[in-house]
Amino acid sequence: MNHTEFTARGFALVAQVLTGAECEAVARRVAEVPAGSAGTRCLLYHAWCRALAAKISQHPSLSPLIPSDFVATQCTYFEKSLSRNWLVPMHQDLSIPVAGRVEHESLGGWAEKEGTLYVQPPVELLQRLVAVRLHIDACGVNDGPLRVVPGSHLYGRLPAEAAAAARRDQTEFVCTAGQGSAMAMRPLLLHASSKSTGSNMRRVLHFLYGPRELPLGLRWQHAVQAGLQRTHRKNQPDSSLNDHRPLPPAPSQLQTNTNCPASVFQVPSFIPGADLQRIQSINDSIND
Ligand SMILES: O=C(O)CCC(=O)C(=O)O
């Protein structure tokens with residue numbers, strides 16, 4: 001799928017971003033992050049994840065969709081299986097994590113979640129953001145894949161009736177995926193996912209990329225300078241993924257506090273720019 005199709009449909013599926021071996025390496029790294037600890041919420045805290053964010057943004061089929069001055073601002077781990085099952089109703093991702101409150105009439109939906117401040121920024125910013133969902137496992141129709149309403153991102157922030165109309169008028173697309181493939185999407189794309197009925201694990205890393213500079217005096221709470229790492233040669237093997245040494249000890253704050261450390265490595269918080277209430281069930285299941 002080329003950039004024009006991404007612009008029109010609001011999503012693009014890219015095969016073989018990682019090899020099977022790289023997926024296994026990522027799975028091992030994810031498994032080292034203690035479930036329910038700050039590590040799960042703050043994957044960009046880890047060097048391997050920051051390297052992965054950069055690698056993704058350099059991929060030949062993804063780099064045209066992610067402007068070179070963008071930063072990675074979040075990486076969320078979603079694990080779904082029969083034993084850890086959940087669903088998400090149709091929604092748009094409207095919130096972003098920011099460093100501090102700014103009083104402005106164009107800003108709304110302020111919310112605080114585990115020490116991280118979220119705001120719904122102007123739609124012009126939301127329209128620029130790019131999310132990339134990296135599939136560590138193959139995801140078939142029974143594995144709770146993302147379902148999207150193609151083109152729905154073009155209508156901006158959709159009130160409930162308009163979202164319902166968009167779903168009536170447009171057939172949903174079921175985003176099944178091969179292991180190591182990625183789905184790039186605009187956060188304003190209407191998306192949902194059902195519970196898994198299959199026997200596979202569905203592990204996804206959901207990265208969010210945005211412009212380094214935010215409008216209206218807003219600042220990202222955390223931003224990883226993925227672009228700086230683009231001086232690496234394309235397709236250079238990512239040694240950090242194959243580094244099987246244990247993760248370096250996290251600051252003591254991380255061991256006990258489910259908040260992201262605000263200042264250590266400039267990491268994002270757990271919940272992507274989504275309706276926090278609606279995906280609370282995901283938090284709960286991940287933290288079980
Ligand atoms: O991974 C999923 O199934 C849902 C993710 C989602 O809804 C989101 O990232 O906003």
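The largest nonpolar core holds 63 residues. A nonpolar core here is a set of buried Ala, Val, Leu, Ile, Met, Phe, Trp, Tyr and Cys residues joined through C-beta atoms within 7 Å. A residue is buried if 20 or more other C-beta atoms lie within 10 Å of its own, exposed if 12 or fewer, and partly exposed in between, with C-beta atoms placed from the backbone. Ala53, Leu134, Ala184 and Phe207 touch the most other members of this core. In soluble globular proteins, nonpolar side chains tend to be buried together.

This is a predicted model: local features need pLDDT of at least 70, side-chain atom pairs count only at pLDDT 80 or more, and totals for chains, interfaces and linings use all residues. Residues are numbered from 1 along each chain as its sequence is written.

Start with Phe207. Two residues are in contact if their C-beta atoms, placed from the backbone, lie within 7 Å. Leaving aside neighbours within four places in sequence, the contacts of Phe207 include Ala53, Ile56, Ala72 and Gln74. Cys75, Ala131, Val132 and Leu134 are also among them.

Now take the chain as a whole. It has 288 residues, and 43% of them are buried. Its secondary structure comes to nine helices and twelve strands. Helices (H or I, at least four residues) and strands (E, at least two) are DSSP runs, numbered from the N terminus. Among contacts with a separation of 6 or more, 84% join residues 24 or more positions apart.

Helix H4 covers residues 47-58. Ten of its twelve residues are buried, so the helix is mostly covered. The buried ones include Trp48, Leu52, Ala53 and Ile56. Arg50 and Lys55 are also on that list. The expected span of a helix is 1.5 Å times one less than its number of residues.

Two strands pair if DSSP finds at least two bridges between them. E2 pairs with strand E12 (residues 202-211) in the antiparallel sense over ten bridges. Within that pair, Thr76 stands opposite His206 in E12.

Strand E10 (residues 182-185) comes next. Ala182 and Ala184 point one way, Met183 and Met185 point the other way, and all are buried. In a regular strand the side chains alternate between the two faces of the sheet. Strand E1 (residues 11-14) pairs with E10 in the antiparallel sense over four bridges. The bridge partner of Ala12 in E10 is Ala184. Strand E7 (residues 130-135) also runs antiparallel to E10, joined by four bridges. Here Ala131 has Met185 as its bridge partner.

Two open sheets follow. E5 and strand E6 (residues 116-120) share four bridges. Glu112 has Leu117 in E6 as its bridge partner.

The other sheet has four strands in the order E3-E11-E8-E9, again with antiparallel pairing. Its edge strands are strand E3 (88-91) and strand E9 (173-175), and each pairs on one side only. Neighbouring strands here are turned by 25 degrees against each other on average, direction ignored. Three bridges join strand E8 (residues 146-148) to strand E11 (residues 191-193). Leu146 has Ser193 in E11 as its bridge partner.

Val123 is found in helix H5 (residues 123-126). It counts as partly exposed because it has 15 C-beta neighbours inside 10 Å. Not counting residues up to four places away in sequence, Val123 touches Gly156 and Arg157. The C-alpha atoms of Val123 and Gly156 are separated by 6.3 Å, though the two residues are 33 apart along the chain.

Last comes confidence. pLDDT is the predictor's confidence in each residue, from 0 to 100. The chain has a mean pLDDT of 79, and 75% of its residues reach 70 or more. Over residues 242-259 the pLDDT is below 50, and this stretch has 21 contacts in the model beyond near neighbours in sequence. Over residues 261-288 the pLDDT stays under 50 as well, with 77 contacts beyond four places in sequence.

Conventions
Axes are lines fitted to C-alpha atoms, for helices over the stretch in contact, and angles run from 0 to 180 degrees between N-to-C directions.
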